[in-house]
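Subject: the structure I promised you

Hi,

Here is the structure we talked about, and my notes on it follow below.

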Amino acid sequence: MQHIDNDLQTIAGTDVTKKRKSPLGAILMIVAGLGLAVTDKFAPGIAESPNLASAVMMTGWVLFFAGLIVLMIRLLGNTFDLYYTPSGEKLKKYEYSFEAPQREKVREIAVKGDFKKLASIPQSPISAVKLTLYAIPGKDVLWSQVFEFVPHSHVPVTDIIAYPKGTASL
């Protein structure tokens, strides 16, 4: 059985696209950090106070290196967001955890797409049964899958279930 987190793009076809997260924030951190690190050379008020100059320079270098680390993660890491192609909206992942005896109820809700009934089932901090949903910001659920915890991993109970837009919502 396929896993929704790994195979959603395959199942959805052209309806889902991956986009790399923007490195702009990291670049701004790097520029701001460099600006702070060399401020004491150009601002006479800061240069007159050695403690303030050291604090500003240290803050700048910390910001620079933090920005560099974030930039490397954004460019080299697996940092992607999933988008619903027809509307261009970012998909949001929701996960709900339930006790083991609730497995059949959760599975029925997922198959029918009636997610409003989830409020009637008590959630649990222990994820014996896990429901994973991908929805767009309007709370329209587009895909879901139910998992059961088997020692050391969650295994799918259902296939990935697709809902036409507007037929299932939270």
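Which residues does Thr132 touch, not counting residues up to four places away in sequence? They are Ile4, Asp5, Lys93, Tyr94, Glu95, Trp143, Ser144, Gln145 and Phe147, where contact means heavy atoms within 4.5 Å. Thr132 lies in strand β5. Helices (H or I, at least four residues) and strands (E, at least two) are DSSP runs, numbered from the N terminus. Thr132 is buried, with a relative accessible area of 0%. Buried means under 20% relative accessible area, exposed means over 50%, and partly exposed is in between (1.4 Å probe, protein chains only).

Before the rest, a word on where this comes from. It is a predicted model, in which local features need pLDDT of at least 70, side-chain atom pairs count only at pLDDT 80 or more, and totals for chains, interfaces and linings use all residues. Residues are numbered from 1 along each chain as its sequence is written, and side-chain values use heavy atoms, with hydrogens and water left out.

Start with α1, which covers residues 4-12. Its buried residues are Ile4, Asp7, Leu8 and Ala12. They sit on the same side of α1 because they cover an arc of only 140° around the axis (the arc is that of the directions from the helix axis to the C-beta atoms). On the face turned away from that buried side you'll find the exposed residues Asn6 and Thr10. And what do the buried residues of α1 pack against? The answer is four strands: β1 (16-20), β2 (80-84), β5 (129-135) and β6 (141-150). After α1 comes Gly13, with a positive phi near 65°.

Helix α6 (residues 103-112) can be read in a similar way. Val106, Ile109 and Ala110 are buried there. Their arc around the axis is only 100°, which puts them on the same side of α6. The cover over these buried residues includes β4 (92-98), β5, β6 and β8. Gly113 follows α6, and its phi is positive too, near 80°.

While we're on phi, have a look at His152. Most residues other than glycine have a negative phi. His152 is not a glycine, yet it has a positive phi of about 85°. You'll find His152 in the loop between β6 and β7 (153-156), and it counts as exposed at 80% relative accessibility.

Next, a pair of helices.

How do the axes of α2 (residues 24-37) and α5 (residues 50-76) cross? They come within 7 Å of each other and cross at roughly 160°. Axes here are lines fitted to C-alpha atoms, for helices over the stretch in contact, and angles run from 0 to 180 degrees between N-to-C directions. α2 and α5 are therefore roughly antiparallel (over 145 degrees; under 35 is roughly parallel, 65 to 115 roughly perpendicular and the rest oblique). On the α2 side, the residues making the contact include Ile27, Ile30 and Leu34; on the α5 side, they include Trp61, Phe64 and Leu68. The contact divides into 17 nonpolar residues, four polar and no charged. For that count, Ala, Val, Leu, Ile, Met, Phe, Trp, Tyr, Cys and Pro are nonpolar, Asp, Glu, Lys and Arg are charged, and the others, Gly among them, are polar. Ala32 of α2 is another contact residue, and it is partly exposed, with a relative accessible area of 35%.

- Leu170 is in the segment after β8 (161-162) and is partly exposed at 24%. Leu170 and Val141 are 29 residues apart in sequence and 6.9 Å apart in space, C-alpha to C-alpha. Val141 is one of the residues that Leu170 touches, and Tyr94 and Phe115 are among the others.
- Glu148 is in strand β6 and is also partly exposed, at 24% relative accessibility. Its contacts include Arg103, Ala128 and His154.
- Lys41 is in helix α3 (residues 39-42) and is exposed, with a relative accessible area of 62%. The C-alpha atoms of Lys41 and Pro156 are separated by 60 Å, and the two residues are 115 apart along the chain.
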